[in-house]
Each structure stands twice: as C-alpha cells, then as structure tokens.
Amino acid sequence: MTELYSTPSTALSRRTTLRAAGGGTLLLGLGLAGCRSAVSEAEAPAGKAGTGPRRGGTLTVAVNSDFTPSLLFAQSGQSLQHRLIYNTLTRYDDRLRPQPELATSWEYAQDGRSITLKLRSGVTYHDGRPFTADDVIFAVKNLQNPLRAAQLRATAAAVTGFEKRGDHELVLRLAHPVNNLFDLFEFMIVTDRHSVEDAVAGKKLNGTGPFKLTKWSPGTGLRFTRNEKYWQPDRPYLDGVEFRVVPQADALLSSLRTGQSQLSFSVPGKNLAVVASTPDLAISEYTTGGGAFYLGVNTTVAPLNDKTVRQALAWAVDRERILKQVLGGYGLASATPWPKSSPAFSETGRTHYTYDPGKARELLKSAGHSRLDLPLLHINLPGDTAVAEAIQYDLKQIGVQVTLRPTDPATAQKNLIAQKMPGLWAMSHGFAQVQPSTLAVSAYPFNEAKNTSKFRSAAYTKVVREAWTTPETGARANTLRQQITDTLLDEAFIIDLVIRGAVQVAAKKLHGVTLNKFSYLNLDDAYLAG
Amino acid sequence: MRGYLLRRLPSALLVLLVASFVAFALLRLVPGDPAAVLAGPDASPETEAAIRTRLGLDAPLHTQYLQWIGDLLTGDLGPSYAIGGQTADLIADGLGATVELTLGALLFVVVLGAAFGILGATSRNRWVRGTVRALTTAALAVPPFVTGVLLVLLFAVLLGALPPGGRVPLLTAPDLGVQYLLLPALCLALPSAAVLGRYLKDGIERALAEDYVRTATAAGVAPRRLLWRHALPNALPPVVTLLGMQTGHLLGGAVLVEAIFAWPGLGQLAEQALVRRDYPVVQDLLLLLVTVFVLVQLLTDLVHARLDPRIRWE
Amino acid sequence: MTAQTAAHPPLARKPRHPYRAALATVRGRTGLTLVGLVVLAGLLAPLLAGHGPTDQSGLALAPPGTPGHPLGTDDLGRDLLARLLHGIRADLGIIAVAVPLGAVLGCLFALAAAAHPIADTVVQRTFDLILAFPGLILALAVTAVLGPGRLPVILVIALAEIPVFGRLLRTGILVQSGREYVTAARVGGTSGRRILTRHILPNAADPLVVQIAVSLTVAVFIEGAMSFLGVGVRPPEPTLGAVLSQSMPYLAQAPHFAAGPLVTVTALVLGLSLTAEALNREIRR
C-alpha cells in the first residue's frame, strides 16, 4: 500500500520528520537530563576519605520479599527489620554464648527452674516511654499466644511465673528446666506492650531499637531514620536505612552492582558468581545457617516405611553437585542438619551419607526393590525447582522414578502442616543454628510428637524431651545430642542435603554489619566509609 | 438510549453477582489457606488452627460470603489477612502505580505511534519506510516478556543507564520516578504504539491520496503544510477512537509488565495476595477488575449501538 | 493484538482463492518460512538433539560451542540444544491442540447465541466473565485443581480463546444477517438454516482464519507466562517458556542460556504474525 500512494510530491522535507522524531527523543531524554540518576542515586555524600567509622549516610538494603507485619513474632522469610526497630534481651556470639542486650546480666537458679534477669535502665521506646520489666513480661506472654505463631512458643510456654523486683529486675519461673531459654531471648523482640495490635497490623511499630520506622509502603519497602535517643551512646552511625523490595533476582543483583543498594541477603546462589566478579562488592557467609534444604520422606507410604529404602535415598543424592550447581557453591553439603557452629556438629555426622549410587542400589536391592515410582512435591519457585530436578535425576540413576509435583508455596505449606505430603517432598527448614534441642522441639518437620513424615518412636521422644530439659553443657548434653543425631541419620525421615547460611552481599565501603541467629539485621555499628 | 441502558443493567448486575461467587469460591477451591501461610514452615497444627479461628475461617462458607459482601456494601474493605495493612490502602496504592504506568505507556504510544505513522507514510527514503515497517511488525508480534528481558539486558545490565526494576512514585520524586518508569512504560507501550502507527499511516496515506490534496499539490502547496493542515486532521479521528480502545489493552497488559519490572501495581498485588492466599485482597481486587470490565463493555456496546443501527439486542 | 484483526467484513462475495494469493506475497512467504523452520526443528527434535532433554551432567553453564553441546549447557548441566528443540516440540504440541479447541468451542457458543436471544445474552455475559477474570488467576486456579502438566496449560489457552472466537463469529453473523443478500434470500423463502450455512457462515469465516494465526502467537505467549508463574508443564520437561524462565537468574552471567528460546519465540511469533497480516490484507482487499 505504501508504494501505491507514496508519490514524491507528497513526501515531506527531511527537517519535518526529524523534528517529529526529535520530540520523542526529547521526552526520552527528560529523565536522563534530570539532576539525579536513579542508577547512582544512593551514593553516600562525599566525605573525607578515611578508614574509621563515620557518621551519616543512608544505607539501602535490597530485599526480595516485603515485610509481613502479621508475622512480626514468627520467624518468617524477611526478619531483617526486627533488630533495627526493636531489641532482644540477649544475643549470641559466634560460639553460641549469650551477650547482653536489653538484659545486662542473668543468673540461673541451682535447680534450673528459674532465672533472674537484670535489665538495662535508661532505655526508652521511640515514643519516649521508658522500658521496664513489664515490657519483658508482656513479650514472653505475647509469644505464648498461639496467634503469634512463634516457633519458640514451647519455650515461652515453659515460663509460668513472673516476679518483678523493681522496674529493672525480673525473675522468670519455669515449669521445667529448658536449655534453650537464650534461644528465646535471641528470638523475642521486645515490643511496646500498648500498641502490639497496631504493630501486627503494620500501623505503628514502636521499639527501643537504633532506628525508627518512618514509612512502610506495602510491596515497595520500608524507610527508617536514626533513633537519636538510642541507648548505645553515639550509635548508630547511619542517618537512615531504606529497604527496597526487588522480587526479581536479576533486578536485585543489578541494583547492587549499580550501587542503588549496598546490602542484600537475598542474592540467589546461582548469581553469586557474578557478584564475585564485581570489584565493588564483597560476599560474606554466615556459617550459622538460617536454613537447610532437605528431602522429606513420608514414612507411612510403602515402601518408604522401610528405613533401608529411606537410607538408600540418602546415599543416592549428590549433595555436592546440588551445592555447586544450584546454590553457587555457598553452603555445606551435609547429612545432618547442624551447621559447623552448632554444638551438635560433627564431621562424621556430616559425611555419614555421601554420594554413593552403588551402595544405594545395593540397599534398595536388599530391601527387595529394583524399581520404584514415587511422587515428589516441591515449591514451584526457580531455585526449589532446580533442587527437585537434581534430586529426581540422581534418584533415577538408582532406579527410583520420581514424578515432580510443583506446588505453590501456600499449598506446600498447607500440606506440610496438615501432614498431607506425598511419598517425598523437598523443602527447607530452619532452627538448626541455635541450641540443638530447639530443632526437635520447635521445628515442625523434626517434632517428636507430630511431624509431616509421620515418624514416631518412643526412643526419639524420650531423647528429645530429655535433651530439652538437660543443661546445655556437660557430658550428658553431648551424649543426648549425639543420640538425636544418630536417630535422625538412622531413621532418615528427614534427609538433610545442604545447609545454607545467610550469604551477605555488600558494597565494600560498608562495614560493621552483623546478623543474629534468626536473621535480624544489626546495624548498630555499621557505617559507610567515605 | 436510556431504555437500552436499563435493559442492559440487570444482566450487568448478574455478571457482578456471579463474579463475586466465583471470586469467593475460586480461592477456597485452591488448596492452601492464609492461616497456613501465616503459620510458617516450622509451625505446629495448633498454631495454624488458632490463626484460622482468628481470621474467621472456621465460620460456615455462606456466613463468610455474606460477611464479605456486607463489608463491601458498607464501604469498609477491612484489613488484609496476610500482606498487612488495610485492603483499601493496598488496592489504592496498587491502582496508583498501575495508572501511572499506564499513563506513561500511553505517552509512549502517542509519541512512538505518531513517529511510526508519519515516518512510515511520508518518508521519501525506502530504507526508513522499510525499517519502520519492520519495527512495527516486530513490536506487535514479540511478547512483552521477551522485549522486557531484552530491555533489561540492554539498558540495565549492559549499559547500566536505567534501573532494571522497582518504582519511585512520580509525584514524590519526579526526576527519579521518570527513570524507573521509562523501561516498563516502553515495554508496555510497544504493541499498542505499533497498532496506532499502522492506523495513522494508513489514514495519512488515504488522506494524501484524496483528490483535493492532489490538486493542492499540483497548485504548489508545500508538502509539510499539506501534512499538518490536511492529511493529519483527516487521519486523526479514527486514531483517537483506537487510542481509547488501546488504553484498555494497556491496563490489561500492565499485569505482566509489572511482574517483569517489579512495578508494585495491581498485578503485583494480585500475585502477592494470591500466593499468600490473602482472601479479602484477592476477592476485592477481582471484583474491582470485573466491575471495570463490565463498565467498559457497557460503554463500548453503547457507542457501537449508537454508531451502527444494525446492531440491536432485542 | 486482537484489535488489529477485528477485520472489516468483506463488502461483497469474493473470488475463492484469497488465502493462496495472500500466502504468496513476500510477507506471507517470510512468515510461512519462519514458522516452517521452527516447526521443522520441533518435529525433528529427537533426530537433531544429541542428548536427552533431561539428562544432567557435572558440566554446568558451559558456553556455546563446547564440544558435544553446540548451544552450551544449563545450570544443571543439561544440553541446551536438546532442551530448546524438545521445548519447541512441547510448545507446538500444546498450541496445536489448545487453539483449535478454543476456536471450535468459541464458534459453537456463537452459533448457540445465534439460535435464541436468551442464549445470546447468557453466552455474551459468560464471555464477559471469562474475559474479565485475569488470566493469571485463571491459570493458577486451573493448575491448582488439575495439578501441573500439559492439560492445565491447554485448558487455560483454550479458555482464553473461547470468547475471542465466539465474539468474532457472533459479530460476523450479526453483520452478515443485515446484508441485502441475506434479506433477499430470506424474502425468497430460503430456510434459516440454509441461509446460515450457505450464506452467512462462509462470509463470516475469514476473520476466524486470521484469528487462528493470531491466537497461535497468543498461545505461545500464555505458555511462556504460565512457565514464568511456575504453573507451566511439569518439570523437568522443557518448553520454550520454561527454559526462558530458568535462564532469567543467569541473564548477566550466561546470556546464551536465554538466547535460544528468545530467538525461537521471536521467530515463531513473528512468522505467525506476518502470516496473519498477509491473510488479513488479502481478505480486506
């Protein structure tokens, strides 16, 4: 048609067409010609080049999922903001020894049935109200409420008596001794008792922490400003913190590489190779794992009720390959759930099952099977699918034909809790990074009384209960931990594959960042070097 | 016309009613509920049950449905179950972002469409015309998830000139906001710009072929003047109608583009709410979308019925 | 995309071979060649691919040109050529079933609508409902009920196409019914059924043919979008959308991972669109 009408006489001068095109270019260029660039906006203000800590600047953290206020008291995917807004009673050091935070000292009674806490004085909430023992009492009682979905509810529920001695001393009485009380103190944020319902609705989050939440834009991010009256003198160094939600992995990575954000714990393993090649970024790994990928087995589905078959599966998976190909090499291939920092960790345990398809086939044969067909449920997100595909391929090599069942996270979650998992499932669990007894008491997949594998054994129940109530140090504690580990390995109802600590990607000019055991971000001492 | 409207109204309301049933039932047919999501991966069944009771999910289904409709009619959408905040706020924020993206895209559609149309119809250079034709064909055919990936790869990863995703609201920081808006708006605009460009090109060509234009040309009127004074004014009316139709397409297409560029609009909200089984948010959002759609349908049918007397729904 | 093909109905009865003429134009030939190449690659997948599409190895993210892996390998060490070819095959299998299914069902609905005014209203409002519901939610719900696999993908595509074809045919029938020749035939005593099959349908069918080509591209698009949402075919089976969505995390590190499906999807949809355009132009003439 063009040829039909395009006579030279009607053609326009070049100038006109250029002008028309120029209008478009101008519009395009409008943003680029502006005073700031969105790609380098987050540059810290120019300061003197120095090595020491320096006041000022705003830190932008890239997160892949938004804050969920209703999960404020449960361990959820995104708990980074907890230690910015709030404080906890104590915090663990690298060797799992508690250090003072809002509690300055503590003393266990001889019989282990009560603990006396001395609380920090001169601490105020963001709204100016002073922090007292009543706030701690409320915090514990709050976690006893099943609505809060706190995983450490069992431990909180063991606290049955509160005795206040003035505003800054408190005795907690226990129904029975527990050895993971400091896990609770590490986990439990101390919120304002008057506004807790507003907090879980996301309306008002009032804490004692180093930063005040100034704005939460659902789906977009959070903004914090410095708490000028923080109880630690001269801290924090930063003027403000911003969380920016970037769900897409590639966009998240690119925001780090271009300096739009300076910190993230959400870079998928497969992208870490790119980070390693970026000169301005540093990767650091928290050996205290926040999560572990595992292969769950429903022990009521034949032939998985035979533990020999389950053990065959444990030998068949190439953990090192999953670590390398799916997780970018960051993590630890392990047959036990324990990270290296855990008192229950042992190298013999970790390597109890390694990749040995020959042995797996033999075990399967000895159990009377040469070929099995099993379904495997997994979450339909890219990383989880890749893990499931790797497991499927490895199991195929020993004659186990696996049909994958990709499932959205909510349904998978429902099946897990309702104990409606098919023969196999692949997911991840937490809670192995603190006191080992916490795992068996608080993490549902390992629960002795009721778990998704439908595994029950009187011996496991007994050893778990005893481990929970025995003091955490000493020969007896070690023996009990070993017994838990041995049971987990021998029964293989949860086959651990790879332990994954939090992997931190940060701009090299950012210093002083730490995470607690429950992935609460601590920026008290963080600063952006000039 | 009013009679026609009155006749159409009952069936439109019926569609809304059925849509509310479907929206309500759909989520409850899908396994997994907000209580399970809220309880988290290591929670016990007791915890989950307690949350379910608090959310009122224990109540019989018809009670829940009536409760929802009642809340809607009183104008109080209530709190979201899983995302946090008020449902109305979430939807308002998402709507703002989606409208911003759509308007940005509309601007691109007009600019690019005009460039495509005018260049394609009037350029003397074969290569320019050929390029424009190839560009429009490609822009129309290639799905947004492909162009989106290419745009991110080019402008964000390789050139590092624009952010690959996210949003800064245009009203709070216009200079930054524009940069976040550029890529998603362009990605969303391309197919519609191509459609517009084609119609415009055809229109100009047709107008330029009219007898009076030929006469004017012979009389020595400048070609530029011809274009602006005669060809364009004649080609514009159908293009404006088309633009209206394309705005609807843009709103629909925004959902996918939002996912590619992490743009926190209604599409992102719907996906997030769906994944977390946030019943009230998904239900309200679905009903809102259906309402908008029904209204647009009604308007379109009205316009058609007025324009084309042969189409009658007796 | 549909707007452009909401074709103007023919003004009068045309000579019979417009399709062949359309496909003989440059546009038509280019389109057919592109589609043909992709289809051929899919059909010959088992012969051309040297590896199984799900065979894994320790060689992850090998670059293109690696011996034995001309397009390289993916994150789990699977051959990308094999995944691409089998992905095409899977996509073709899906869209070749889904689009005709949607077209046939849509047309049946339209015919039902033509039969009675009440049926017409019901059908119209049902179409409204389907069109009003976001495809995203439809896809998720269907997959949640049926479980993952090809069937839900096919159903979602068909469901999305039903109102498109239904409305197109319905409009065609309405417009043709008002034409003089139909009135003439009716006055002349021809039965309603005969008017419909002999006069109205043949004239209303042309836009449908164009729409099939357009719908095929939409189907490729829906398959891809569902894979991106994680509700596509059951892994590890490759489809174009699945391979593309798997490649997303590696965009910066290994762009070749995404290159295969990007080029193929572009070629396929471009080919289909060119064919649709060629047909459309010829029909409008």
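1. The interface between chains C and A, in this predicted model, brings 21 residues of chain C into contact with 25 residues of chain A, where contact places two C-beta atoms, built from the backbone, within 7 Å. On the chain C side that touches chain A there are twelve nonpolar, seven polar and two charged residues, with Ala, Val, Leu, Ile, Met, Phe, Trp, Tyr, Cys and Pro counted as nonpolar, Asp, Glu, Lys and Arg as charged, and the others, Gly among them, as polar.

2. Chain C has 13 helices and zero strands, these being DSSP runs numbered from the N terminus (H or I, at least four residues, for helices; E, at least two, for strands). Its C-alpha trace spans about 75 × 45 × 30 Å along the principal axes, and 54% of its 285 residues are buried, that is, have 20 or more other C-beta atoms, placed from the backbone, within 10 Å of their own.

3. Helix H8 of chain C, residues 150-177, is mostly covered, with 21 of its 28 residues buried. H8(C) bends by about 30 degrees at C:Glu161, and the proline C:Pro163 follows within four residues; the bend is the angle between axes fitted to the seven residues ending at a residue and the seven starting there.

4. Chain A, by contrast in topic, holds 18 helices and 21 strands, and buried residues make up 56% of its 530 residues.

5. Residues are numbered from 1 along each chain as its sequence is written, and chains are lettered from A, with ligands numbered from 1, in the order in which they are written. Local features need pLDDT of at least 70 and side-chain atom pairs count only at pLDDT 80 or more, whereas totals for chains, interfaces and linings use all residues.

How values were computed
A residue is buried if 20 or more other C-beta atoms lie within 10 Å of its own, exposed if 12 or fewer, and partly exposed in between; C-beta atoms are placed from the backbone.
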